[in-house]
Amino acid sequence: MTLVPGTVRPRRLRTTPALRRLVSESRLHPAELILPMFVKETLSEPAPLTSMPGVVQHTLDSLLEAANEAVDAGVGGLMLFGIPEHKDNDGSQADDPEGILNRALTLLRDNLGDTTVVMADLCLDEFTSHGHCGVLDSAGGVDNDATLTRYASMAVAQARAGAHVVGLSGMMDGQVAACREALDLEGFTDVVVMAYSAKYASAFFGPFREAVDSELQGDRKTYQQDPANGREAMRELDLDLAEGADIVMVKPGMPYLDVLAEVACESPVPVWAYQVSGEYAMIEFAASAGAIERERAIEESLIAFKRAGADAILTYWATEVAQRLTSQTQDGALR
């Protein structure tokens, strides 16, 4: 059968790699990729993570080496997570100037200056002996308002250490306002507050627990969002914007592309997405089993974030993909 003359033929726009590149609706750029990095105080050499092939817990020396590699590849920013030697109920190492996270921030800022955006996770889970994102009350629950005091202190400590951006990931009510006020009172008016506005109580965080040596018992369902809820994310977005968030985040990414798209439509500030540890592990393990094509799956997953409206993406593949984007000039598979 032959189609009649004048039939609409969308395939015309797919006939060559160059034409597909020209009409592409979504594109990736190295500057839109952010590399999460883990630095552990007790290490003498990098420690590979069994649940995240290719990802390591860094020493300070290997952290700086990997950071320079990312910057050379054109990666837009670095998000640091610290794992201290000593943990306690209040996460005292989180705001200690000599704590591992703050020392790492200073190391990167002193060596990289403003050539990239140095960011820090602002949460207590890596620092507490109980693994929760806040301090506990007498009944064992997370005390929201007492936690805000700790967050405010962390924000100032991270700013003093050199962070351009503080990433508020704890999902405490009022956390943006508390940190913004603390930063402004200490003169850090240029430090950016990035709010994890929609962070879900997700099974996809599993490998991350290994990455930060989590001590968590139980779950975080009383403060992270219910995976069944979408409208709730928009309420959190409105609150964070009203409190002064400069950037907002949706986390995890792929299971919540609908939420990401809605947030992107409504937000007047930049919207980021976090491709979390479980998303990373699924692709790596599926590829190692021969079930999928690794590079194509990585690229497709990142394009999905862009198509849904993300302005930047936190991904453990940031350096690898940025290098590929820079070197690739012909086929246009990365758009």
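**Strand β9 and its surroundings**

A: In this model, 3 bridges join β9 to strand β10 (residues 312-314), and the two run parallel; helices (H or I, at least four residues) and strands (E, at least two) are DSSP runs, numbered from the N terminus, and two strands pair if DSSP finds at least two bridges between them. The model is predicted, so that local features need pLDDT of at least 70 and side-chain atom pairs count only at pLDDT 80 or more, while totals for chains, interfaces and linings use all residues. Residues are numbered from 1 along each chain as its sequence is written, and side-chain values use heavy atoms, with hydrogens and water left out.

Within the pairing with β10, Tyr274 has Leu314 as its bridge partner. Strand β8 (residues 247-251) also pairs with β9, in the parallel sense and over 3 bridges, and there Ala273 is the bridge partner of Val250. Together with helix α8 (residues 257-266), β8 and β9 make a right-handed β-α-β unit, meaning that, with the strands pointing away from the viewer, the path from the first strand over the helix to the second runs clockwise.

From β9 (residues 271-274), Val271 and Ala273 point one way and Trp272 and Tyr274 the other way, and all are buried, that is, under 20% relative accessible area, where exposed is over 50% and partly exposed in between (1.4 Å probe, protein chains only). In a regular strand the side chains alternate between the two faces of the sheet. Trp272, with Phe38, Leu108 and Tyr151, touches the most other members of the largest nonpolar core, which has 101 residues; such a core is a set of buried Ala, Val, Leu, Ile, Met, Phe, Trp, Tyr and Cys residues joined through side-chain atoms within 4.5 Å.
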